[in-house]
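Reader: I want to learn how to read the features of this model. Can you take me through them in turn?

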Amino acid sequence: MERFVRLIVAGGVVLVGALWLVDLVARGSPQWIVGIALAILGFVGVMAGIFSELESGAFRVD
């Protein structure tokens, strides 16, 4: 499997799990803080997978 696909899938799984954790525990608890950190990590993983496949100047308008 391609590296970018692994990053997107793993990041998405971590993100979804973290959002469930944040939703199920009390706000401000240590588990909630861990959930927020994992959600950020999952988001970064998804974005890293996407941006690794973009070509230079992909958003440039001529």
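This is a predicted model: local features need pLDDT of at least 70, side-chain atom pairs count only at pLDDT 80 or more; totals for chains, interfaces and linings use all residues.

Reader: Which residues in helix 1 are buried?

Author: Gly-11, Ala-18 and Val-22 are buried there. They cover an arc of only 40 degrees around the axis, which puts them on the same side of helix 1.

Reader: What does the face of helix 1 turned away from its buried side carry?

Author: That face carries the exposed residues Val-13, Trp-20, Asp-23 and Leu-24.

Reader: What do the buried residues of helix 1 pack against?

Author: They pack against helix 2. Helix 2 covers residues 30–51. It has 22 residues and reaches 32 Å from first C-alpha to last, close to the 32 Å expected at 1.5 Å a residue.

Reader: Which residues of helix 2 are buried?

Author: Trp-32, Gly-35, Ala-39, Gly-42, Gly-45, Val-46 and Gly-49 are buried in helix 2. Seen down the axis of helix 2, its buried residues fall within an arc of 135 degrees, so they line one face of the helix. Their cover includes helix 1 (3–24).

Reader: And which exposed residues sit on the face of helix 2 turned away from its buried side?

Author: Pro-30, Ile-33, Ile-40 and Leu-41 are the exposed residues on that face.

Reader: Take Ala-48. Where is its place, and how does it count at 33% relative accessibility?

Author: Ala-48 lies in helix 2. Buried needs under 20% and exposed over 50%. At 33% relative accessibility, Ala-48 therefore counts as partly exposed. Ala-48 and Ala-10 are 38 residues apart along the chain, and their C-alpha atoms are separated by 11 Å.

Reader: Now the whole chain. How many helices and strands are there?

Author: The protein chain has two helices and zero strands. Its radius of gyration is 15 Å, whereas a compact globule of 62 residues would have one near 11 Å. Along its principal axes, the C-alpha trace spans about 50 × 30 × 15 Å.

Reader: What share of the 62 residues is buried?

Author: Buried residues make up 18% of them. The chain exposes about 4800 Å², with carbon and sulfur atoms supplying 69% of that area.

Reader: What about contacts between residues at least 6 apart in sequence?

Author: Of those contacts, 61% join residues at least 24 apart.

Terms used. Residues are numbered from 1 along each chain as its sequence is written. Side-chain values use heavy atoms; hydrogens and water are left out. Helices (H or I, at least four residues) and strands (E, at least two) are DSSP runs, numbered from the N terminus. The expected span of a helix is 1.5 Å times one less than its number of residues. Buried means under 20% relative accessible area, exposed over 50%, partly exposed in between (1.4 Å probe, protein chains only). The arc is that of the directions from the helix axis to the C-beta atoms. Contact means heavy atoms within 4.5 Å. The radius of gyration is taken over C-alpha atoms; the globule rule is 2.2 Å times the number of residues to the power 0.38. Accessible areas come from the Shrake-Rupley method with a 1.4 Å probe; for residues, only the protein chains shown count as cover.
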